Amino acid sequence: HDLRQPLHALGLFAASLRGEVSLPHARDLVGKISRCVDDLEKMFGELMDISRIDAGTVALGPCNFPLQDLFDRMRADFQPLAEEKRLWLRFRPTREWARSDPLMFERILRNLLSNALRYTDHGGVLVACRRRGDTLWMEVRDSGIGIPPAEQARIFEEFYQVGNPERDRSKGIGLGLSIVRRLADLLGEEVALRSAPGRGSTFRFSARRAKPGAALADGPAQAGDAEPQDEPLLVA
């Protein structure tokens, strides 16, 4: 927090300076300063998240919650980014409820969706929930660049990125998937990947199925909708 306070102040100074300069070159420099500050704040935030998880200071508050409400929020948040990149973004409707920590669960799904949009230039991204018995599998499928088999074991490592040898900060710093792995481990859930170069990727993580309408009840739901069948990877 002591490091982030002067960084936040620097961002405010850069925003104030933008209104004081009129020369195009100067305004461009101020814009670059602001973008650098934003990148630093994101890096600090992700590093602090990893530090808290590794230190065991993240408190879990499991409860039952409907997935469709989460899908609706995420659609509203990510649709502008998808449209900016001229990608389609689809959320398959669901009536399922999950039993988990809603904040950690949402953070995992947001990181996966943000990563999918970042590495997809054509086509789009699908978010869906699939039921396997008493387990729900959240899936994020993209038609992006795909991940070679030799690199799939490393993508959950800190600072490791596929297809970013120039270390372009607009593609992040390689901590998003590391946080996903850590949060899934914290929740006692699994994370899986299926991918092929040029054919996109499917990231999935598990969650306990909950009975709809029971905000605090334990236990799996009763039999409900028919189980959807797996689909092939999206093709770029």
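Start with S206: beyond its neighbours within four places in sequence, this residue is in contact (heavy atoms within 4.5 Å) with T135, L136, W137, E189 and E190. The model is predicted, so to speak of local features takes pLDDT of at least 70, and side-chain atom pairs count only at pLDDT 80 or more, while totals for chains, interfaces and linings use all residues. Numbering runs from 1 along each chain as its sequence is written, and side-chain values use heavy atoms, without hydrogens and water.

S206 sits in strand β7, residues 201–210. Strands (E, at least two residues) and helices (H or I, at least four) are DSSP runs, numbered from the N terminus. S206 counts as buried because its relative accessibility is 4%. Buried means under 20% relative accessible area, exposed over 50%, partly exposed in between (1.4 Å probe, protein chains only).

The S206 side chain has two partners to inspect. It makes a polar contact with the side chain of E189 at 2.8 Å. It also reaches the backbone nitrogen of E190 at 2.9 Å. A polar contact is a pair of N or O atoms within 3.5 Å; within protein, one must be able to donate a hydrogen and the other to accept it, and residues adjacent in sequence count only if both atoms are side-chain atoms.

Now the loop. G133 lies between β4 (124–132) and β5 (135–142). G133 counts as partly exposed, because its relative accessibility is 43%. Its C-alpha atom is 8.5 Å from that of R209, 76 residues away along the chain.

Last, L109. Leaving aside neighbours within four places in sequence, L109 is in contact with L70, F71, M74, V127, M138, V140 and F205.
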